[in-house]
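This report describes cavities, DNA contacts and the chain interface in a protein–DNA complex. The sequence and model are shown first.

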2 protein chains.
Amino acid sequence: MTTKAYEEYLRDCPAVALLSTISNRWVSLAVCTLGSHGDAMRYNHISREIPGVSQKMLTQTLRMLERDGMVRRTVTPSVPVRVDYELTPLGQGLYGLLSQVRDWAAEKTGEVDEARARYDAGV
Amino acid sequence: MTTKAYEEYLRDCPAVALLSTISNRWVSLAVCTLGSHGDAMRYNHISREIPGVSQKMLTQTLRMLERDGMVRRTVTPSVPVRVDYELTPLGQGLYGLLSQVRDWAAEKTGEVDEARARYDAGV
DNA sequence: CCGCATCCTCTACGATACTG
DNA sequence: CAGTATCGTAGAGGATGCGG
């Protein structure tokens, strides 16, 4: 439900609000997918790169990113329709950060796994 | 439910799995709070810095971070009990990244707001 | 091919109450 | 103070089917 106090926090501190909307697995996966590919990608291409994402969530996430100015959506009215997505400069800026988080995650996976094993054993 | 394909994706690609667990608002808020404060913080102190977070979510998040080796939890058995949380070197590494995302969010808030206004008007 | 609408299921999360 | 335990709900998110 998100408390009243939290909603006020978000209203008073837009940076936290934006951080909160960015801190979402579908957002980071979508941005990283688009960013690492480099140029525009078709809808099905993106969905293939994120195995298991439902079209609902993918569409919803891409729309949100488009609304926030992170992604440009281009419709080519052929038959069948062709829709391309690409990061805007703003989105590329975010990708620059998120890709570092992704790389950090890749590098630290082992360390985290060990910590988990230690924690689970120590209980 | 998270599809079978997605679960396999997480299993096959631990970096994505870790990225997904990090990409969570409570995680980023907790890490940023601990990181920007610099040294150890008591439970109530953290909760005051994140207005509106429920104790349930805060405890759950801190436990997860502790299990993943990002946070050290220190219990001082006085009366009443005193519990301190601080980032481990691993957690500090993550903070180094997340703080950049936070700063970026702060800087780009205006740009995002404009994009939203444009999008909403354009519909 | 892209994606909206519908329905339905789970689970994330909040509220509340109780303990060492 | 710093939790745990329990319960209830809103909303995330998946499955399915239709339409341009």
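Which residues line the largest cavity? In this predicted model, the lining is made up of Leu19(A), Ile22(A), Ser23(A), Ser28(A), Leu98(A) and Val101(A), together with Leu19(B), Ile22(B), Ser23(B), Ser28(B), Leu98(B) and Val101(B). Helix H2 (14-22) and helix H6 (89-122) of chain A, and helix H2 (14-22) and helix H6 (89-122) of chain B, each give at least two residues to this lining. By class, the lining of the largest cavity holds eight nonpolar residues, four polar ones and no charged ones. The volume of the largest cavity is about 90 Å³.

How many cavities of 30 Å³ or more are there? The count is two. The second largest cavity has a volume of about 40 Å³. Its lining consists of Leu18(A), Thr21(A), Ile22(A), Val27(A), Met64(A), Leu65(A), Asp68(A) and Met70(A). H2 and helix H5 (55-67) of chain A are the elements that provide two or more residues of the lining of the second largest cavity. H2(A) has the largest share of that lining, with three residues. The lining of the second largest cavity divides into six nonpolar residues, one polar and one charged. Ile22(A) is part of the lining of the largest cavity and is also found in the lining of the second largest cavity.

**Chain interface**

Between the two protein chains, 48 residues of chain B are in contact with 48 residues of chain A. About 4,400 Å² is buried between chain B and chain A, and carbon and sulfur atoms give 71% of this area. Of the area that chain B buries against chain A, Leu19(B), Arg67(B) and Trp104(B) supply 16%, more than any other three residues. Leu19(B) also belongs to the lining of the largest cavity.

**DNA strand C**

DNA strand C is surrounded by 21 residues, the closest being Asn44(A), Arg63(A), Arg73(A), Ser54(B) and Lys56(B). Of the atoms of DNA strand C that come within 4 Å of the protein, 78% are accounted for by sugar and phosphate. A base is also approached: a base nitrogen of DNA strand C lies 3.2 Å from a polar side-chain atom of Gln55(A). The surface near DNA strand C comprises eight nonpolar, seven polar and six charged residues.

**DNA strand D**

Two or more residues of the surface near DNA strand D come from each of helix H3 (25-37) and H5 of chain A, and from each of helix H4 (43-49), H5 and strand E3 (82-87) of chain B. H5(B) gives the most to the surface near DNA strand D, with four residues. Nine nonpolar, seven polar and six charged residues form this surface.

| Residue | Residue atom | DNA strand | Distance |
|---|---|---|---|
| Asn44(B) | polar backbone atom | D | 2.9 Å |
| Arg63(B) | polar side-chain atom | D | 2.7 Å |
| Arg73(B) | polar side-chain atom | D | 2.6 Å |

**Cis peptide bonds**

Most peptide bonds are trans. In chain A, Val79(A) and Pro80(A) are joined by a cis peptide bond with omega of about 0°. Pro80(A) sits in the loop between strand E2 (71-76) and E3 of chain A. In chain B, a cis peptide bond links Val79(B) and Pro80(B), again with omega of about 0°. The loop between strand E2 (71-76) and E3 of chain B holds Pro80(B).

Key: Residues are numbered from 1 along each chain as its sequence is written. Chains are lettered from A and ligands numbered from 1 in the order in which they are written. This is a predicted model: local features need pLDDT of at least 70, side-chain atom pairs count only at pLDDT 80 or more; totals for chains, interfaces and linings use all residues. Side-chain values use heavy atoms; hydrogens and water are left out. On a 1 Å grid over the protein atoms alone, a cavity is a set of points where a 1.4 Å probe fits but cannot get out, and a pocket is an open set with protein on both sides within 12 Å along at least five of seven lines; lining residues have an atom within 4 Å of a point. Grid points are joined across faces, edges and corners, and a volume is the space filled by probe spheres set on the points. Ala, Val, Leu, Ile, Met, Phe, Trp, Tyr, Cys and Pro count as nonpolar, Asp, Glu, Lys and Arg as charged, and the others, Gly among them, as polar. A residue is near a molecule or strand if one of its heavy atoms lies within 4 Å of it. A polar contact is a pair of N or O atoms within 3.5 Å; within protein, one must be able to donate a hydrogen and the other to accept it, and residues adjacent in sequence count only if both atoms are side-chain atoms. Contact means heavy atoms within 4.5 Å. Buried area is the accessible area (1.4 Å probe) that two parts lose on being put together, summed over both.
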